[in-house]
Structure formats: C-alpha cells, structure tokens
Amino acid sequence: MRNASKSIYDAIIVGAGHNGLTAAAYLARAGLSVLVLERREIVGGCCVTEEIAPGCRVSTTSYIASMLRPEVIAELQLAQHGLRMIPCDPAIQVPFLDGHVVPWWADREKAKKEFARISVRDANRFVEVDDQLKKLARYLQPFFMEPPPEIDTSSLKGWSDLFRVGKRFRGISNTEIAQLVSFLTGSLGEFLDHNYESEKMKTMFLANNVYGKHGGPYQPGTAIGLLFHLLSGGEHELQGFYGHVIGGMGSITQALAAAGKRLGVEIRTSVQVSQIEVRGGRAQSVVLDDGTEIRGRMILSNCDPKRTFLKMVAARELPEDFLFAVRGIKMDGPCAKVNFVLAEEPRFTGTSPSATALERTFYTLVPSLEFAERCYDIAKFGEIPEELWVDCVVSSNADDSLAPAGKHIMTCFVQYVPYKLREGDWDEKRELLGDRVVQKIAEYAPNVPGAIVARQVLTPLDLERTYGLTEGNIFHGDLRLEQLFFMRPVAGWARYRTPVKGLYLCGAGAHPGGGVTGAPGRNAARQALRDWKKGTFKQAA
Ligand SMILES: Cc1cc2nc3c(=O)[nH]c(=O)nc-3n(C[C@H](O)[C@H](O)[C@H](O)COP(=O)(O)OP(=O)(O)OC[C@H]3O[C@@H](n4cnc5c(N)ncnc54)[C@H](O)[C@@H]3O)c2cc1C
C-alpha cells in the first residue's frame with residue numbers, strides 16, 4: 001500500500017462515480033499517487049446500492065448493467081473484488097393491457113419463436129435486423145475505447161486521425177454507410193414502422209432504446225440507441241448483454257473502489273470540492289468546502305461538464321467561446337426513479353404460471369410508440385404526464401440478498417418527466433409523481449398498491465441535489481448526435497483535456513457518454529497518462 005495522506009498528489013479525482021473510480025485505479029496502476037474526493041458519504045455516484053428501509057437495499061439510480069466494458073472488468077480484476085452479474089433473461093419483457101406478456105429472450109432462436117406468435121413476418125425480419133444492427137455496431141465499437149478523432153484538417157494530427165478513422169471502415173459498403181447514417185440521424189419510430197408490421201413488435205424495440213434521452217421515438221436522432229445497446233458488454237463481451245448485478249449496482253463501484261485501494265488509491269468521502277484552483281493556465285489544487293486546499297499535479301473531474309466548468313473553475317480561466325458552448329449543453333432531465341419495498345411480489349397479469357423468479361423480474365410498461373411520443377410532448381412543455389412510461393425491475397427476484405424473506409424490491413425508471421415544471425416545483429409535486437407511477441403499475445399488477453411498505457421518489461431535482469447531476473441529467477448531457485463523439489462535451493475539447501492544462505474530464509459528460517461503462521474513466525486516465533509520460537506535470541504545483 002502506498003502512503004495515505006500527502007502534501008501533493010500526482011492526481012486528484014473529483015467525484016467517486018464509477019468513472020472517477022475507474023480512472024483512479026488506472027492511474028494508480030501506472031504508479032501515480034491518487035486521491036479521490038467524494039461529496040456523498042458513499043462512493044458510486046449513480047451506480048450505488050442503498051438501504052431505503054431496514055434491511056432492504058435498492059439500486060437507487062442505475063439498475064441494469066448492460067454496457068460495463070469487458071476491458072474494465074478484466075483489467076481491474078473486478079470479479080476478484082466481488083463483482084458478479086447474471087444475464088437478464090428475458091432481456092426485456094413487455095406486458096400488454098390485453099394480458100399478453102412478451103419476453104425478449106436472450107437466445108435469438110428462442111426470441112424468434114416467441115416473436116413468431118405475434119407475427120411470423122416480423123420474427124423473420126427480427127433476425128435480419130439483428131444481424132444488420134450488430135454488424136453496424138461493430139464498426140462503431142472500437143471508437144468507444146479511445147479518444148474520439150481530432151477533426152482538424154489544419155493539423156497533421158487531424159489528417160492522421162481522419163486516415164485512421166477511414167481505415168476502420170475499410171470494406172464497408174455503400175448500403176452500410178447509408179444505414180449507418182440513418183441510424184445516427186433517423187428516428188426510431190420510422191425505422192420500426194419501416195421494418196415491422198406488429199405494434200407489439202415495435203414496442204419491444206422501443207422498450208429499450210431511448211432511455212434517458214430527450215425526444216419521443218419519432219424525433220430524428222432517436223434510432224442511435226439501437227446501435228448503442230448492441231455494443232458488447234459484460235464479462236463475456238456479448239453484444240446486447242443485459243445483466244443483474246448481485247448486491248445491486250453498488251457492487252460495481254464497491255469492486256472498483258476495492259481494486260483502486262489495492263493499487264494504492266486513497267478515497268475520502270463526505271468531502272465536497274468547491275473550487276479547482278488554476279494558476280498560470282494550469283490546474284494546481286482543489287479547495288474543499290471547509291477551505292482546505294489539496295495540491296495535485298493533475299486533476300480529473302468526474303463531475304458533469306456544467307458542474308465542472310460553470311461551478312468549480314473560475315470563469316476568467318476559461319475562454320469565452322468554451323464557456324458559451326458548455327452553457328449550451330442540453331441536459332434538463334428527462335427522467336425520474338421510484339423505488340419500492342413491497343410486502344408481496346408484484347403479480348403482473350399474463351405472466352406464465354411456470355415463469356421462474358428470474359423470468360418475473362423485468363417488466364416495461366409502455367403500450368405503444370404513440371403513447372411514448374405523447375408522453376414526451378407533455379413533458380417537454382413542463383408538465384408531468386398523467387400516463388407514464390415506467391420500467392419495472394423486481395430486483396429481489398434476481399437477487400434475494402436485497403431484502404429479508406417476505407419482502408420484495410421493485411425499482412422503477414420513469415421515462416419523460418420535465419426538469420423544469422411549468423407550474424409549481426418538484427418539492428410539492430414529488431408525491432404526485434409517485435402516485436402516478438403506482439397508478440400505472442396497478443393497471444398491470446393490481447396487487448402492488450396494497451403491498452407498498454416503503455416508497456422513495458427521486459425527481460429530476462432529487463437526482464440533481466442528491467447525486468450531483470446538473471439538471472438531473474442521468475448521462476451528464478443528452479446523448480444526441482451533436483453531443484457525441486468529437487462533440488462531447490463540446491466541439492474541440494472531446495479528448496478529455498480541457499482549456500486548463502492538467503485538468504481532465506473523466507465522467508459520462510466526456511466521450512463516449514453516459515451509462516455504466518467505465519469507458520470515459522478508462523479513456524481519460526489513458527489520455528492523462530500519455531501527457532504524464534511526456535513529463536508535462538512533473539514540476540507542476
Ligand atoms: C435514475 C438513473 C437510472 C440509470 N439507469 C441506468 C442503467 O440502468 N444502466 C446504465 O448503464 N446506466 C444507467 N444510468 C446512467 C449511469 O448511471 C450514469 O450515466 C453513470 O453512472 C455516470 O457515471 P459517472 O461516474 O460518470 O458520474 P456520476 O455517477 O454522476 O459520479 C459523479 C460523482 O461526482 C460526485 N460529485 C459531484 N460534485 C462533487 C463535488 N463538488 N465534490 C466531490 N464530489 C462531487 C457525485 O456525488 C458523484 O459521486 C442511470 C442513471 C440514473 C441517474
């Protein structure tokens with residue numbers, strides 16, 4: 001173990017979200033002294049397991065591990081540090097109000113057979129589309145584990161990056177280019193209408209592909225989720241992997257913290273960084289709420305870009321056009337979370353009596369694309385939709401260690417609620433949102449309202465206040481084309497470096513974006529290490 005408290009650290013990480021912890025572990029692995037500072041009393045950011053009633057633990061924010069990078073799992077030996085995931089099977093399951101529950105089985109042949117009960121034509125098309133999507137996702141995959149290309153044709157580096165990108169697409173056909181462009185810019189709704197005849201089939205795809213994003217399914221740019229969800233994830237690098245984490249999502253960040261500590265990372269919780277001090281254009285130190293200053297040769301911020309640059313760095317240290325671009329990052333919601341402890345298992349109408357506990361875990365309540373589109377329209381004008389889209393995971397069915405015998409945990413993601421309400425505020429509307437979620441669930445699982453023992457409602461405002469997410473945005477910035485790749489967080493600053501020398505962004509607001517992936521953390525650490533090896537920071541501070 002390396003020395004605990006130091007007068008100067010090689011690297012200070014602001015925030016112990018999963019990306020901050022990932023970056024810390026990689027930097028320590030390379031021999032740097034690393035300090036992580038977290039404002040909450042626990043590590044994990046929005047990848048945590050928390051007790052919401054005595055003995056009842058919930059993945060309060062993120063709840064399914066679908067994109068955690070296999071490289072991070074293997075290189076940081078997360079399995080040895082206690083990480084265990086079991087595949088969600090079905091990966092998605094949609095109950096309809098006619099009593100038909102449609103599971104999307106992880107095994108493709110089994111899924112095809114299930115879908116053939118809805119439409120034989122759609123089931124055949126499903127296989128073709130799945131092949132096409134997986135192939136296109138494989139073209140994008142390598143870009144996720146490296147800084148995005150520098151699109152600057154006035155420099156040699158820019159040209160060599162463009163050449164490198166071009167080589168990645170060697171062999172791509174005209175048709176595939178057209179498909180790729182339409183996935184990046186087109187709407188999910190139009191793609192589904194073009195490919196499938198059955199509303200139920202379209203709803204299955206809808207159920208997983210616009211989470212956390214702005215825009216109803218017919219908004220241009222929403223088809224991109226289809227490719228994002230087919231990037232490989234999990235220990236075995238499976239495309240389209242969905243996993244339940246044993247012990248809840250917090251087991252991921254506990255494993256990352258344990259891996260980091262083993263490598264010498266020092267982690268302090270309940271310490272809020274109020275300022276990142278810059279002198280002569282270079283990051284020097286962080287100042288805590290109580291005025292303590294801690295010096296670092298480099299500083300990596302795991303906080304979102306708005307929090308980092310508009311709250312922690314003095315405006316005079318940043319170029320005006322950069323600040324203007326940061327202020328323009330689209331965030332504002334659009335989701336919430338409601339967590340329940342139940343006295344009995346939810347009984348979703350239509351579930352097969354022979355379904356195993358794991359098969360009774362995942363239920364997405366969204367009846368159609370039109371419903372989703374209307375829901376977004378209402379939310380975008382600042383209102384809480386009366387009819388909500390709710391994704392329910394009965395996590396105690398996948399992991400009975402989360403609650404004592406006889407109690408059940410259900411965690412519910414709510415898609416499309418506004419951050420800014422047209423009337424009133426979230427403190428007065430919090431329980432209304434909770435009630436509407438219960439009302440929606442009751443349409444599908446009538447025993448739920450009478451079984452509630454505890455309920456925790458996290459509005460976009462709560463996500464901001466408690467988890468430090470500016471405007472409640474779960475991805476540190478909406479995942480839309482103009483905020484991705486070389487434009488994330490803003491054009492010109494997508495390679496983890498910032499206008500302040502020695503200050504890096506290592507969270508979801510950096511490329512490749514949100515979700516529990518570990519990719520921004522790993523990529524940022526590697527970029528910082530490349531600069532470190534050039535000797536840039538040795539004499540700093
Ligand atoms: C409700 C919800 C549901 C989600 N569902 C899923 C899901 O099922 N699957 C999935 O893959 N992704 C999901 N996500 C998205 C995913 O969880 C996030 O995109 C990802 O965890 C972000 O990780 P991060 O490490 O970049 O940032 P964060 O987890 O946001 O970590 C940033 C850390 O910085 C700390 N911090 C902030 N300010 C300061 C300060 N001044 N000083 C010190 N520390 C500070 C914060 O407390 C926090 O710990 C969900 C997110 C939410 C909120």
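**Exercise 1.** State whether Phe348 and Tyr363 are buried or exposed, and classify the pair formed by their rings.

*Solution.* Both Phe348 and Tyr363 are buried, where buried denotes under 20% relative accessible area, exposed over 50% and partly exposed in between, with a 1.4 Å probe and protein chains only. The model is a predicted one, in which local features need pLDDT of at least 70 and side-chain atom pairs count only at pLDDT 80 or more, whereas totals for chains, interfaces and linings use all residues. Residues are numbered from 1 along each chain as its sequence is written, and side-chain values use heavy atoms, with hydrogens and water left out.

Next, apply the ring criterion: rings of Phe, Tyr and Trp (its six-membered ring) pair if their centres lie within 6.5 Å, and planes under 30 degrees apart count as stacked, over 60 as edge-to-face and the rest as tilted. For Phe348 and Tyr363 the ring centres are 3.9 Å apart and the planes are at 15°, so the pair is stacked.

Finally, locate the two residues. Phe348 belongs to the loop between strand S15 (335-342) and strand S16 (362-365), while Tyr363 is in S16, so that the pair links parts of the chain 15 residues apart. Helices (H or I, at least four residues) and strands (E, at least two) are DSSP runs numbered from the N terminus.

**Exercise 2.** Which residues lie over the faces of Trp105 and Phe96?

*Solution.* The test requires NZ of Lys or CZ of Arg within 6 Å of the ring centre and within 35 degrees of the ring normal. Over the face of Trp105 lies Lys110, at 3.9 Å from the ring centre. Over the face of Phe96 lies Lys200, at 5.3 Å from the ring centre.

**Exercise 3.** Describe strand S6 (residues 92-95) and its pairing with strand S7 (residues 101-104).

*Solution.* Begin with the side chains: Ile92 and Val94 point one way from S6, Gln93 and Pro95 point the other way, and all are buried. In a regular strand the side chains alternate between the two faces of the sheet.

Then consider the bridges; two strands pair if DSSP finds at least two bridges between them. S6 and S7 run antiparallel and are joined by four bridges, with Trp104 as the partner of Ile92. The hairpin has five residues between the strands, and Gly99 takes a positive phi near 90° there.

**Exercise 4.** In what order do the strands of the five-stranded open sheet lie, and which strands stand at its edges?

*Solution.* The order is S16-S17-S18-S15-S19, with antiparallel pairing. S16 and strand S19 (452-458) stand at the edges with a single partner strand each, so one side of each has no neighbour in the sheet. Within the sheet, five bridges join strand S17 (residues 389-393) to strand S18 (residues 408-415), and Cys392 has Cys412 as its bridge partner.

**Exercise 5.** How do helix H1 (residues 18-29) and helix H17 (residues 519-533) cross?

*Solution.* Axes are lines fitted to C-alpha atoms, for helices over the stretch in contact, and angles run from 0 to 180 degrees between N-to-C directions. The axes of H1 and H17 come within 7 Å and cross at roughly 35°. The contact (heavy atoms within 4.5 Å) involves residues including Tyr26 and Leu27 of H1 and Ala525 and Leu529 of H17. Ala28, also placed in H1, is buried with a relative accessible area of 4%.
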